[in-house]
Structure formats: C-alpha cells, structure tokens
Amino acid sequence: MTFPDEVIAGVRVPHWVPDDDAPRNFGDEIGPQLVRALAGDRPGTARLLSVGSVLHFAAPGDVVWGAGINGKVRQRVRYPLDVRSVRGPLTRAILLGHGVVAPAVYGDPALLFPTLFPEIAPEGSGGMLVMPNLNELDRVTGDEVLSPIGDPGAIASRIAGSGFVVASSLHALVLADAYGIPSRPLVPAAEHPLKYLDYYAGTGRPNVAFAATVDEAIALGPVASADVDVDAIARAFPHDLWGGSAGERDRSSSDYSARRRESWRARESLALAVGRDASDSAAQALLRVDQLIAEQSAPLVSILEQCSSGTAPDADDVSTAVRDFLIGSDPHGETDARVSRALRRAGSEGLSVIARVAATGKVSLARDIARGEKTDDDGRAHLAESEPAPEPSSAPGRLARIIRRRG
C-alpha cells in the first residue's frame, strides 16, 4: 500500500491506496472528496490529513482535520502538528500524551456527506445492508452484502437507501449515522477496535456494544443515534490553508507537562464513560491508548516535562535524563531538535556539559560525548565558541561593598 498526495489547489491531501492498482476502498477516497468540496479558490501550500486512521503517516508541520490513530500499527506521533479536529477522544488523548495540542472537536468528516453532496439520492428498498471491512471481504455473504470497494457517492446512496446497516467497515457506520440510518457494528476481525471506539466515543456512545455476527446484530438492534455537532466539524475545516494566512506551528513543547496532565484526565473520563462492564473491544482500545502514550522514551518524557513552562527543573535530574536519552536513542532530527529547544527554555545554570552542548543544537556532539566517543573537553571547546560570555554585573562586588562600609 502507499499514501500518495492528491494536490487540491496547492494543498497536499494524502490518502491510503492499495498496491498494484487494486480496487480502492471507498472510505479512503472520502477525504480528498470532502476537502475538494470545502476548499477555497486561492492556492495554498500545506499538507492536510483528513479522513481515516492515518496519523502514523503524519510529518512535522502537517495539519489535521478529523483524522485518527490506527491502533494496529506502530505509531510515531510527530511534532509539531497543527490539529484542528480529531475523529474522537481516544485520538485526542494520545496526541495530548505526546504533548501535541488537540482541541476537543470530534467527529469523522464523512458526517458532512449529506450536506456537501445533496445530489446523492437514496437508492434501495429500505432493507438490511451488510458491509465488511476491506480486509475481511469474505467474512459475510448474501444478497444484502455490499462491498466497500467502489465509488463513495454510489456507496453513500446505497447506505442512505437502506433500513439497517450492519458493518465492520467504519465508514459504512459513519455514513449510516450521517444519513440517519439505524446501524450496529460487527466486532472487527482484521482491525484493531481503537478506531471504532474512538469514533463512537466522539459521537456520544463510548459504551457501544459490538455484535459478533449479523444475526446477533439483528437481535441487538441499532445503536443509539449519534450525538455530534457537525457544524463544529465544518467550522474546524482549515480554510486558511488556501488563503496563505495559516499560523506558524508552535514548536516549543513548553506546554508538554500540561498536555500530559490533560491526557490523563481525558483517559479517566473515557474509562468512567465506558463503565465497569466494558466490552473486550472497549478494554482493548483503552489499553492501546495507554500503550501508545507509554511507548515514549522515559528520559525524553522526563526532559520535556521538567523543561515545561511553569516548572523549576532540577539541573542534576535534567542532566541525567539528557545523558540517558542520548545513550539510548539513535539520532533523530525532529526529536533531537525538540530536546534542544526544551533545554534552552530551561536555561543552562547547573546543567552538565553534555546537556549544555545539546541545548546549543549540537545534539550529535552531545551524543558522542554521552557514549564516550568524545570527551567533555570537546564539549567545553564547542561551548566556548557558541555560548555567549557572561555579561559583567552592574551590581558592586562584595569586596567593594565591604570597603565602602568600612570607609
């Protein structure tokens, strides 16, 4: 599979496509279609992630509108990101846990389909429709089964014309909500439940029950209707990307500690909303959220938390964390730069030579010293060239004050 950019008036809108010109999943085609309908006429220069579990494809500086976390892949949360909205509170909790500012604006942008494409008319007799996920096409059979491979508009028309949707395709469930069609999710056989719980929690249904089979879905009946502000999703669309007025990304990580605390509060609220009798799917999703946050390097977390605004870092603790981070991590420009900025914000007083060198931006040299490949003397030589000399104090020295008192 690949994740190519589709350029819409100068803004790059990537989306997932299968390899070898295989048929495309309708849910992955929705993003560019929605963006094209909302974009302005003026040219822009940015990269926008919209519909889908695609945040593991993000690059530093990307804009996020309604995208989500994929629970089944190795996740690297990039920094900085310009987040305007997210699919749901599980995605938001993960982003906050990595120090990324994310507003509590929830909902898959596909919920805007009826508004943006009013020409789509219901097609069907109002019967049941079953749609499997792309990765489990052979799971269900029968006349009521609709493949997720095809044109989004045609599939939306079929969903709008049905009477009850049973699906492991997330976007079949989203479009059912968009058109007010009763639905029930199937337990995903090939997907991690995080993306489903993320969507349902963001639309007021954190304790949704999944059906194991179509027959069980019929017995359970439809889930509650979505409770979501689709106007808020529309307002969050980054029109400014096409006007040349998008703001500069905040690269400081100065609020890292505050965002981490906010993430904990969000996860506690989610756990309470799911309840004690959480389904296996809900428990897996909440556990995966914690895992994805905990995958951050402990020394990196220590540096960023201690160097956040409003804290008084302990120089020895920071210096130890910097050494451990440099020894235990391979060079990574984005993360190394984040550490360097954090150390500069904290100030150099009392820090080790290694930490002071890293603060100047010469993280490669600091890593060599930490690993014993160079010495502190190499670091001091670099600091002598890069650190400004202390300014003379305007206050009189101790000896002068003593002389004046005696005189």
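Here are some numbered notes on the predicted model above, written for someone new to reading structures.

1. **Ground rules.** This is a predicted model, so local features need pLDDT of at least 70 and side-chain atom pairs count only at pLDDT 80 or more, while totals for chains, interfaces and linings use all residues. Residues are numbered from 1 along each chain as its sequence is written, and side-chain values use heavy atoms, with hydrogens and water left out.

2. **The whole chain.** Start by zooming out. The C-alpha atoms fill a box of roughly 105 × 50 × 45 Å along the principal axes. The chain's secondary structure comes to 17 helices and 8 strands; these are DSSP runs numbered from the N terminus, with helices being H or I of at least four residues and strands being E of at least two.

3. Of the 407 residues, 51% count as buried. Buried means under 20% relative accessible area, exposed means over 50%, and partly exposed is in between, using a 1.4 Å probe and protein chains only. The chain exposes about 18600 Å², and carbon and sulfur atoms supply 49% of that. Accessible areas come from the Shrake-Rupley method with a 1.4 Å probe, and for residues only the protein chains shown count as cover.

4. **Contacts along the chain.** A contact means heavy atoms within 4.5 Å. Take the contacts between residues at least 6 apart in sequence: 61% of them join residues at least 24 apart.

5. **The largest pocket.** Its volume is about 550 Å³. On a 1 Å grid over the protein atoms alone, a pocket is an open set of points with protein on both sides within 12 Å along at least five of seven lines, and lining residues have an atom within 4 Å of a point. Grid points are joined across faces, edges and corners, and the volume is the space filled by probe spheres set on the points.

6. **What lines it.** There are 20 lining residues, with R76, Q296, S297, L300 and T335 lying nearest the centre. By class, the lining has 5 nonpolar, 8 polar and 7 charged residues. Here Ala, Val, Leu, Ile, Met, Phe, Trp, Tyr, Cys and Pro count as nonpolar, Asp, Glu, Lys and Arg as charged, and the others, Gly among them, as polar. Helices α11 (298-306), α12 (315-328) and α13 (333-346) each supply at least two lining residues, and α13 gives the most, with 4.

7. **A closer look at α13.** This helix has 14 residues and reaches 20 Å from its first C-alpha to its last, close to the 20 Å expected; the expected span is 1.5 Å times one less than the number of residues. Its buried residues are E334, T335, D336, R338, V339, S340, A342 and L343. They pack against α9 (256-274), α11, α12, α14 (353-359) and α15 (363-370). After the helix comes G347, with a positive phi near 90°.

8. Are D336 and R338 buried or exposed? D336 is buried, at 9% relative accessible area, and R338 is buried too, at 8%. Leaving aside residues up to four places away in sequence, D336 touches F325, P331, V363 and R367. With its own neighbours within four places left out, R338 is in contact with Y79, H98, G99, S253, Y256 and L304.

9. F113 lies in helix α3 (residues 113-116) and is buried, at 0% relative accessibility. Beyond four places in sequence, its contacts include I30, L34, P152 and Y179. The C-alpha atoms of F113 and V174 are 9.8 Å apart, although 61 residues separate them along the chain. D177, in helix α5 (residues 170-178), is buried at 16%. Its contacts beyond four places include L111, Y199 and R205.

10. **Two backbone spots to check.** Most residues other than glycine have a negative phi, and most peptide bonds are trans. A9 is not a glycine, yet has a positive phi of about 50°; A9 sits in the loop between β1 (5-8) and β2 (11-14) and is partly exposed, at 36%. The peptide bond from Y79 to P80 is cis, with omega near 0°, and P80 is in the loop between β4 (63-65) and β5 (82-85).

Methods:
1 Å grid on protein atoms, 1.4 Å probe; cavity = no way out; pocket = protein on both sides within 12 Å on 5 of 7 lines; lining within 4 Å.
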